[in-house]
Amino acid sequence: MAAPILSITDLTVDLPRGGDRPHAVEGLSLEVAPGEIVCIVGESGSGKSITSFATMSLLPRSLKVSSGRILFEGRDILTLSESEHAKLRGHRMAMIFQEPMTALNPCYTVGDQIEEVFLSHTDMPKAERKAKTIALLEEVRMPDPPRIHASYPHQLSGGQRQRIVIAMALALNPSLLIADEPTTALDVTTQAQILAMFRDLRKTRGAGIMLVTHDFDVVAEVADKVVVMQKGRVVEQGTAEEVLNRPRHPYTRQLIDAVPRRQAEVTQDVSGRPVVLRVEGLEKIYRVPASFGRAAREVAALKPASFELREGETLGIVGESGSGKTTLVRAMLRLIDPSGGQVFVDGRDIASAQRSSLRSLRRDIQIVFQDPYGSLNPRRTIGDQLVEGPVNFGMSRSEAMKRARELVRIVRLEEEALSRYPNQFSGGQRQRLCIARALMVEPKILVADEAVSALDVSVQKEVLRLLAEIRDRMGLSMLFITHDLRVAAQVSDHVIVMSKGEIVERGPIAQVFNDPQHAYTRQLLAAMPGQGWEVPDISTLPPVSA
Amino acid sequence: MLRYLLGRLGMAALVALTVSVISFGLIYMAGDPAVALAGENATPEIIAQIRAQHGYDRPIAVQYLDWLAHALRGDFGVSPYFKIEVATLIADRLRITMTLGVLGISFALLVGVPMGVLAAMRPNSMIDRAALFIAVVGQAIPSFWFGLILIVLFAVNLGWLPASGADSWKGFVLPTIVLGYYATPAIMRLTRTGMIEVLGSDYIRTARAKGVPPRKILFKHALRNAVIPVVSLAAVQMGFMLGGSIVTESVFALHGAGYLAWQSISRNDLPTMQALILIFSLFYIIFTFLADALNAWLDPRLRD
Amino acid sequence: MTMTRTLPLSPRRQMAQRALRHRGLILSGAVLLAIVLIAILAPVIAPHDPYRQSLVTRLRPPVWLGGTWQYPLGTDALGRDMLSRLIYGARVSLMIGLISAGVSMVIGTVLGISAGYFGGRVDSFVQYLINVRLAMPVILVALAAVSLLGGSLLIVTMVMGLLLWDRFAVVLRAATMQVRSMEYIAAADMLGATQPRILWKDVLPNVMSHLIVILTLEMAHAIILEAGLSFLGLGVQPPTPSWGLMISEGKELLLFDSWLIMIPGVALFLLVFSINMFGDGIRDVTAPEGRN
């Protein structure tokens, strides 16, 4: 085996005083060899990103390395001065970040920003810089490189911007590439292309790649070696094959067990049950008014969509960003006004209802949103927010409070929660409180709009289980909107696939997944990472001491 | 970009029109203008005569359009107090005020922007705290009082600079400081918050990850972005300075448009008052429009 | 590593805790409280009648310049006791600050919140109003209005109240737009809350900290503006003891008796400075992330 490019020994990074633990990273050791992809996996707060920032010397001022060594190409980079380290960055080691939308300076063209790498580290003449940059744009498979070269970041999509960041990182052929959740903010099809690019790079460039991720399927897709982190410590490391299939540490096992399976746990036949929600030809068109040199246009955010939801059924609505799934939900609930179509709940149409009668109609259909931090009012107690619905519908406050206490227990929180404020809860707890708030008015239908997308896998699993349990216990019907096919597969009975504002495929979950009809569905399924990996059944593994 | 600017231009025109209505309406604010002009003890016949003479007996809309049509041609009538054309009077006085405005905003930018950048480089450091403290102190000093103090100190006690008048460049030093210091804290604060936000942004991290030298990160990547809102603020502040020139010019006895405004108001010289309010407002509208245009050039996102 | 996770405090407790640790806030709060008490207790603590003129005791210097304790801050050109005028002047400044900023707050908040919440045409109209207001030079319009309507305390206060609402409108519009897009607003809408209820229970509490900060800034602004108008002779009319007017009256004797303008100037500075410090403190306490 080749000598490692990067070898981190016993690295400890201190957190500022007053945090919930003294170290962001504690006693971490790992190695990255040339031509090898090492994945660091962990949930939020595990310290996985801190490790990569420490290596790049990009730690925020409040975090300090207190001990350990980071040997890169034989030199301890912790002893380097800022300007010495700057000479390595972008040249010998390079980094790709999570959020492509904000990673580029809005004031300069992307060509300019890539060329800046050459400008900072070489004395290449201008023409050569440009030629190299165009070649790089080709290498990261950008269409029409000369045009892209002169484009500003805001003119490119998220996936394209991420390719620009990758092009920058590759510019001077670094021996170490660090990628911090590089595909988390991207659609699954873009993710597949970028992961494929990483696999190629390892071969063509021979660079060592350190990839930080929370997603075990991404690990399964690209990793040679895996490092699992929990609360700043490495709990397990080994080859991808070992860690993925025969995890030894209980925490690794817990994480792998929480990975959503690509099939439903239980499927039910709902065909004979009564319809509780019928959507007919619902559409949303935005009119762009005429302006200088441009005629008025109409943009269909949602083309006429129809579907039915039956009692006790969970209907998954799957699509990538921009597919129109959020527009569908918002138009259905009249959070935005639809341009046409009907939405029948109990035989009454929400889409054409007067503002005044909308209130009582919406009572039957409630929603849980994606962002656990934005969906609770930070200035009101949980109790106050829970009783809001029933009180608006005429229930007395004390009676509503009684129901609130009951529901808080159902979502497995303590009754004291009612007198607290949202900032006193974790993301998963908040999402459970949002579910409780929605259930306070006893709806027949619960809409979950990306309700688990912002949560760590283990928390995600709990919330999904809770939702299924509540659905069965209360006889609810559910609309489950998600971009994550795996999650959709796990919870839904039927599924609708959306693309470009249109429903392109629908059917029972097993049928859509095993025998997709539409080209887009096939493409989406093919792009799912980790398909070669059969998630092991943790219960059959030999026991280990914790 | 054309669309963005045309939108702004439309708003600017609408605002200008509204301001003209308000300026015109001023003469009716204190009641019947004919009565006011006639003075005390005027007989009803004299009042009626004045009313007819000035056209105050026509419908208000007609009077306004007539006034506006003249104003657009630069004709604001004759000042009853100075007994000369208002337009000539103002044109004569505006030079000093504009010089002062340009000097004042330059002073504010030259002090405020570097101070803001310096403070933002080390948030919560001694430099930062000192800069913020100076800003709070600066904002709390009334400018007329500050002017008087400067006169006592530099003109009376030290004798370095003249206490009043605009005979040489020396006469502009103190007024520039008095006019400029009041805008400095706002510019400094906006530069500081802008720089702190930008320096914490993802694209600065990207630039650092590329190995771009720190100085270049600060000036090429950070300042360029942080300065965009400062441009708008500077335009607004420059507009405010024209208003502020009333105070400054009367403290330093500079015979500019601000001083003229004060004279016309205390002498109840309505045509001059109307013209000055309209002109000062138009300057503000022009400055902010130019700032919008400059920002469209600085920020590629506004161009599409 | 076993550490018991302590529960974060409620927002109100967090703020209280931060407020108690904030030196600038405590200090400026104390100064403000003192000034308010002085203003309220003026008749009790003022040693002389602030209006009583006496030719015999004209231009007595303050004690540190050789004066006597009978007139600790000296007397003005009309022989009135400076200390007593200063004490009564605090009433004028505070009252003008409070009422003008209060009137502006009502106008600006209603405009800003409606623009931010309802958007569309309402927003365009409010933006237009804000632009018109900003285009008109405040001092000039205020001077003209006061000269045309007459310079009573009430008119000065109301004119300023009608002029200083722009910052409320601008800031609250932006803050409300941000709150409007939060999902808890959509959730409240789904749960049958009426629009006034959403505005009252969900929007207002979440823009309140901005509102209070602007309120302090505009109080300071109004106080300085009144002093400026009075200095130019078109604000509060003599013989009312206004600090701006005192500076204006002392201006004539600037070269000989500069303490005549120093004393009211320092008082004005101290008040405005404390209000601004207090406002900064409140901003730090309510939105600590805004500082770093």
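Between chain A and chain C, 13 residue pairs are in polar contact, both residues at pLDDT 80 or more. A polar contact here is a pair of N or O atoms within 3.5 Å; within protein, one must be able to donate a hydrogen and the other to accept it, and residues adjacent in sequence count only if both atoms are side-chain atoms.

Ground rules, quickly. This is a predicted model: local features need pLDDT of at least 70, side-chain atom pairs count only at pLDDT 80 or more, and totals for chains, interfaces and linings use all residues. Residues are numbered from 1 along each chain as its sequence is written, chains are lettered from A and ligands numbered from 1 in the order written, and side-chain values use heavy atoms, without hydrogens and water.

Now the chain A side. Helix H12 (355–362), strand E16 (365–368) and helix H13 (382–392) each give two or more residues to it. These are DSSP runs: helices are H or I, at least four residues, and strands are E, at least two. H13(A) gives the largest share, 4 residues.

Next, salt bridges: a Lys or Arg side-chain nitrogen within 4 Å of an Asp or Glu carboxyl oxygen. The rule finds 4 across this interface. In one of them, A:Glu388 pairs with C:Arg197, closest N and O atoms 2.6 Å apart.

Extent. Contact, meaning heavy atoms within 4.5 Å, links 32 residues of chain A with 28 of chain C. The buried area is about 2,800 Å², 55% of it from carbon and sulfur atoms. That is accessible area (1.4 Å probe) lost on putting the two parts together, summed over both.
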